[in-house]
Every structure is written in C-alpha cells, then in structure tokens.
Amino acid sequence: MDYDQVRRNIYNAFLFQKCIVGAFTLGFGFLIALGGIVGQSFSAGLLIFGALLFVFGLRCIKGISQNEKEQVARFATLEEKNFDWYRNSFPENVQSGRVSCRNCGSRRINIRGLGDRTYHCEHKCAGCGQTLYYSPEGNL
Ligand SMILES: [Zn+2]
C-alpha cells in the first residue's frame, strides 16, 4: 500500500469538502449579509441570517479539519503498527511464522476488515481481544 498516495487522497477529499461547504456557507452568508446592508432598505434580518450562516460555515470547516486530522492520525497508526512492527517489538510472539498474542499468548488470531475506507484489516487476539497489528487489505 502506498501510504503517501493515501495521505494525498485524504487531503484532496477533505479539501473538496471544505471548498463545497465554504462556497455555500461563507459565500452565501457573506452575500446575504451584504444584501441586508446595501439593499434598497436596510434589513437586520438578512444581516443576522447571513452572519449566522457565515459563522456556521466557519464551524463546519473547523469540524472538517478536525476529521481530517483524525483520519490522518488513524492512518499513521495503521501504517506504523504492521506485522514487521509486531515482529520487531515482540519477537517472542512471532516464532517460525506463528503469531501469538503479546498479552495472553493465545495463538488464535481473528482477522477482520476495518472498513470505513481504511483498506486495512485488524489482527486481534481471539482469547483476550488485544489488537496485535494491522495489515493492508488484500495482502494478508
Ligand atoms: Zn490475547
């Protein structure tokens, strides 16, 4: 898996969201507020509505940025905690190609797709539920 490509995809997807939300809320909010001021008659209602829409837009964009940070951080974890990391960190739990749980020593490992466009599987101990490591989907 090309993690740099994934990071670019995340960045682009969130940039797109910000542009759409920004255009609709900040753009329209500004125009509506402006209409309240420079229209034929001053309209406090339009001004307030436009200002609220503008503030709402700023909050939305902040929220989108927060989601982006979380998703990037999540991918960093998936990239870092892979099988090689597990083998290097807990060599006693990877012997002759057999993986065991670093917590309870069980050899029963469940693999489940994380979904949600992470394209990764989680390798989890069937005994105690400890997450051991992650692997890219389709390359188990
Ligand atoms: Zn375990």
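The model is predicted: local features need pLDDT of at least 70, side-chain atom pairs count only at pLDDT 80 or more, and totals for chains, interfaces and linings use all residues. Residues are numbered from 1 along each chain as its sequence is written.

Select residues 44-80, helix H2. Helices (H or I, at least four residues) and strands (E, at least two) are DSSP runs, numbered from the N terminus.

H1 and H2 pack at about 175°, with axes 6 Å apart (axes are lines fitted to C-alpha atoms, for helices over the stretch in contact, and angles run from 0 to 180 degrees between N-to-C directions). H1 is therefore roughly antiparallel to H2 (angles over 145 degrees).

Within H2, pick Gly50, Gly57 and Leu78, which are buried (20 or more other C-beta atoms within 10 Å of the residue's own, with C-beta atoms placed from the backbone).

Next select Leu78, Cys101, Cys121, Cys125, Leu132, Tyr133 and Tyr134, the largest nonpolar core (buried Ala, Val, Leu, Ile, Met, Phe, Trp, Tyr and Cys residues joined through C-beta atoms within 7 Å). Strands S4 (120-125) and S5 (131-136) each supply at least two of its residues; S5 gives the most, with 3.

Finish at Cys125: leaving out residues up to four places away in sequence, its contacts include Cys101, Ile109 and Leu132.

Note on methods. A residue is buried if 20 or more other C-beta atoms lie within 10 Å of its own, exposed if 12 or fewer, and partly exposed in between; C-beta atoms are placed from the backbone. Two residues are in contact if their C-beta atoms, placed from the backbone, lie within 7 Å. The expected span of a helix is 1.5 Å times one less than its number of residues. Angles under 35 degrees count as roughly parallel, over 145 as roughly antiparallel, 65 to 115 as roughly perpendicular and the rest as oblique.
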